[in-house]
Amino acid sequence: MMKQLLLIFFLLCSRTSGQSGPATAPSGPTTTSGQSESTPPVLPPSSVPLVASGPSGSVEITSILKKAGKFSTFIGLLKSTQMDAEINTRLKKSNQGVTIFAPTDTAFSDLQTGTLNTFTDQQKTELARFHIVPSFISMSQFETVSNPVHTAVDGDTVGFPLNVVGNGTHVNMTTGVVNTTVDSVVYSDGQLAVYKIPQVLLSQGILRPQAPAPAPLPPKVKKATPLSSQAPSTPTAASVHPSGGTGLPRYPAAAVSVGLAVLAALSFFL
């Protein structure tokens, strides 16, 4: 009887030990549905334009930005500096195209309060031009573009350096003051490319102290006329006759007549 009980106990222990297995590692965080949750990958900027291209010759930069939305401040900058008209004219007359890096309204609001209001008209024009490249650059061409990129600031790459590097999925930009990226394609038709950027492109050339305006010239002082030239001449010496003789001083004819009459009267009484 004892042997049977021991045999049954042994069989039960062996069966329990055979069912247990090594502990498994947790499969990671799960959602309420029981599925594993994974970190989403960082996506490259979309190459699909936010605004569809229109008929050839009908491109107008401010209309494109209005359709895309969230570019009101940049539109105002282009209009106040008349760069919108210059861009439209270039698109009609040049085959090289135009590339524009458009900061969003949030990008401008991230600037220090009152920054744009403290800029002179020249600084605002330079700021607008610094966001414009006078040639068409597609997303794929950012991988091979020559740096520094020549912007519309008269090709000045010293005070306005812009370096752009693309790796096929992302486009990074630096100006020496600002480091930013291209968020998405706003518009692209082979002639005009507009890219959305989350920061305003500032450079040392824009932020440098501006030379003060020259002081107005003092009014010209009129030369005073000498008193000697204004006073009537008074005879002080006997006049010299052309022959060399010295004559009597010249007096008015009336005075001479009175003198002769006095002499004649005296001679009569004498």
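Modeller: Let us begin with a side chain: a polar atom of the side chain of His131 lies 2.8 Å from the backbone oxygen of Leu127. Please keep in mind that this is a predicted model.

Biologist: What makes the approach of His131 to Leu127 a polar contact?

Modeller: The cut-off for a pair of N or O atoms is 3.5 Å, and the distance from the side chain of His131 to the backbone oxygen of Leu127 is 2.8 Å, so the pair falls within the limit.

Biologist: Where is His131 found, and is His131 buried or exposed?

Modeller: His131 is found in the loop between helix 7 (121-130) and strand 2. Its relative accessible area is 1%, and buried means under 20%, so His131 counts as buried. Leaving aside residues up to four places away in sequence, His131 touches Phe74, Thr99, Ile100, Phe101, Pro103, Ile197, Val200 and Leu201.

Biologist: How do you know whether Phe101 and Phe142 are buried or exposed?

Modeller: The relative accessibility is 1% for Phe101 and 2% for Phe142; the limit for buried is under 20%, so Phe101 counts as buried, and so does Phe142.

Biologist: Which residues touch the most other members of the largest nonpolar core?

Modeller: Of its 50 residues, these are Leu65, Leu78, Ile100, Phe101, Leu192 and Val194. Strand 7 supplies the largest share of this core, with five residues. Ile100 has contacts that include Ile61, Phe74, Ile87, His131, Leu192 and Val194, not counting residues up to four places away in sequence.

Biologist: What makes strand 6 and strand 7 a pair?

Modeller: Pairing needs at least two bridges, and strand 6 and strand 7 (residues 192-197) have four, in the antiparallel sense, so they count as paired. Ser188 has Ala193 in strand 7 as its bridge partner. Three residues lie between the strands of this hairpin, where Gly190 takes a positive phi near 90°. Strand 6 (residues 184-188) is mostly covered, with four of its five residues buried.

Biologist: Why are strand 3 and strand 5 said to stand at the edges?

Modeller: Three strands form an open antiparallel sheet in the order 3-4-5. Strand 3 (163-166) and strand 5 (179-181) each have a single partner strand, so one side of each is left without a neighbour in the sheet. The twist averages 20° from one strand to the next. Strand 4 (residues 171-174) and strand 5 pair over three bridges, and Asn172 stands opposite Thr181 in strand 5.

Key:
Residues are numbered from 1 along each chain as its sequence is written. This is a predicted model: local features need pLDDT of at least 70, side-chain atom pairs count only at pLDDT 80 or more; totals for chains, interfaces and linings use all residues. Side-chain values use heavy atoms; hydrogens and water are left out. Helices (H or I, at least four residues) and strands (E, at least two) are DSSP runs, numbered from the N terminus. Axes are lines fitted to C-alpha atoms, for helices over the stretch in contact, and angles run from 0 to 180 degrees between N-to-C directions. Buried means under 20% relative accessible area, exposed over 50%, partly exposed in between (1.4 Å probe, protein chains only). A polar contact is a pair of N or O atoms within 3.5 Å; within protein, one must be able to donate a hydrogen and the other to accept it, and residues adjacent in sequence count only if both atoms are side-chain atoms. Contact means heavy atoms within 4.5 Å. A nonpolar core is a set of buried Ala, Val, Leu, Ile, Met, Phe, Trp, Tyr and Cys residues joined through side-chain atoms within 4.5 Å.
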